[in-house]
Amino acid sequence: MSRSLSTGLQWLLSTIGMARPAPAAGGPMTRDAARQLVKWYLQSQGAGMTEGLNEQGLGGMMNGEGQFAFEHIESPPSLKASALIYRFREPPKPGIIEGFRQQQEEGTDTGGGSVDFEPESGSLFLSRTYPVMPDGREFARDLDRLGKASIVWGKDVLDRVAHRVFGT
């Protein structure tokens, strides 16, 4: 609710010239375009002054219970937006990641994203990739859905997967 309110407020302020409008939709997702979109989104969520993405094309934020990561991908140019489901402290046991992918295949709501495991960080996400600059309000709605779904996946779906894999 508060994210929708702040996005609506950002849009209202931008239409009357009191806040930066979202970058124009369409066009390729260059690193600069991705940086501008993430910067706009973070500021619309109350982040204040930010560059959006660092020099490596990475960024992130906490929003309530949700945690988001952003990554500009060079080839093909795109922006990956990810909502954290779970961070493993040790490599996941056999069958766990497959269990999450099975939940996606069975139709569990992913908030428009897909299951994405990053072995380097041991993090499991719901992720969406944008090859073209989206409309700012659409992007904010997408991330709101993705964030809500990741919280459900981190609680309810995690329990279901553990039960199926380990029989607990």
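The legends below describe close-up views of a predicted model.

Residues are numbered from 1 along each chain as its sequence is written, and side-chain values use heavy atoms, with hydrogens and water left out. In this predicted model, local features need pLDDT of at least 70 and side-chain atom pairs count only at pLDDT 80 or more, while totals for chains, interfaces and linings use all residues.

**View 1. The largest pocket and its lining.** A pocket is found on a 1 Å grid over the protein atoms alone, as an open set of points where a 1.4 Å probe fits, with protein on both sides within 12 Å along at least five of seven lines; lining residues have an atom within 4 Å of a point. The volume of the largest pocket is about 250 Å³, a volume being the space filled by probe spheres set on the points, which are joined across faces, edges and corners. Its lining consists of 15 residues, and Ala69, Ser82, Glu118, Ser121 and Phe125 lie nearest the centre. At least two lining residues come from each of strand 2 (66–73), strand 3 (78–87), strand 4 (114–118) and strand 5 (123–130). Strand 2 gives the most, with five residues. Strands (E, at least two residues) and helices (H or I, at least four) are DSSP runs, numbered from the N terminus. By type, the lining has six nonpolar, four polar and five charged residues. Here Ala, Val, Leu, Ile, Met, Phe, Trp, Tyr, Cys and Pro count as nonpolar, Asp, Glu, Lys and Arg as charged, and the others, Gly among them, as polar.

**View 2. The second largest pocket.** This pocket has a volume of about 190 Å³. Its lining includes Tyr86, Phe88, Pro91, Pro92, Leu158 and Phe166. Helix 4 (residues 136–166) supplies the largest share of this lining, three residues. Eight lining residues are nonpolar, none are polar and three are charged.

**View 3. Aromatic rings around Phe88.** The structure holds six aromatic pairs; rings of Phe, Tyr and Trp (its six-membered ring) pair if their centres lie within 6.5 Å, and planes under 30 degrees apart count as stacked, over 60 as edge-to-face and the rest as tilted. The ring centres of Tyr86 and Phe88 are 4.8 Å apart and the planes are at 75°, so this pair is edge-to-face. Phe88 also pairs with Phe117, with centres 6.0 Å apart and planes at 80°, so this pair is edge-to-face. Phe88, at 15% relative accessibility, is buried, and so is Phe117 at 18%. Tyr86 is partly exposed at 33%. Buried means under 20% relative accessible area, exposed over 50%, and partly exposed in between (1.4 Å probe, protein chains only).

**View 4. Helix 2 and the residue after it.** Helix 2 (residues 31–44) has 14 residues and should span 20 Å at 1.5 Å a residue; its end C-alpha atoms are 20 Å apart, which agrees. The expected span is 1.5 Å times one less than the number of residues. Among the buried residues of helix 2 are Ala33, Leu37, Trp40, Tyr41 and Leu42. Tyr41 also belongs to an aromatic cluster with Phe70, Tyr130 and Phe139. Gly46 follows the helix and has a positive phi, near 95°.

**View 5. A salt bridge between Glu51 and Arg35.** A salt bridge is a side-chain nitrogen of Lys or Arg within 4 Å of a carboxyl oxygen of Asp or Glu, and the count comes to eight. In the bridge between Glu51 and Arg35 the closest N and O atoms are 3.4 Å apart. Glu51 lies in the loop between helix 2 and strand 1 (58–63) and Arg35 in helix 2, so the pair ties together parts 16 residues apart in sequence. Arg35 is partly exposed, at 22% relative accessibility.

View 6. Arg164 bridges to Glu106, the closest N and O atoms being 3.0 Å apart. Lys148 and Asp144 meet in a salt bridge of 3.2 Å, N to O. Lys148 is partly exposed at 44%, whereas Asp144 is buried at 10%.
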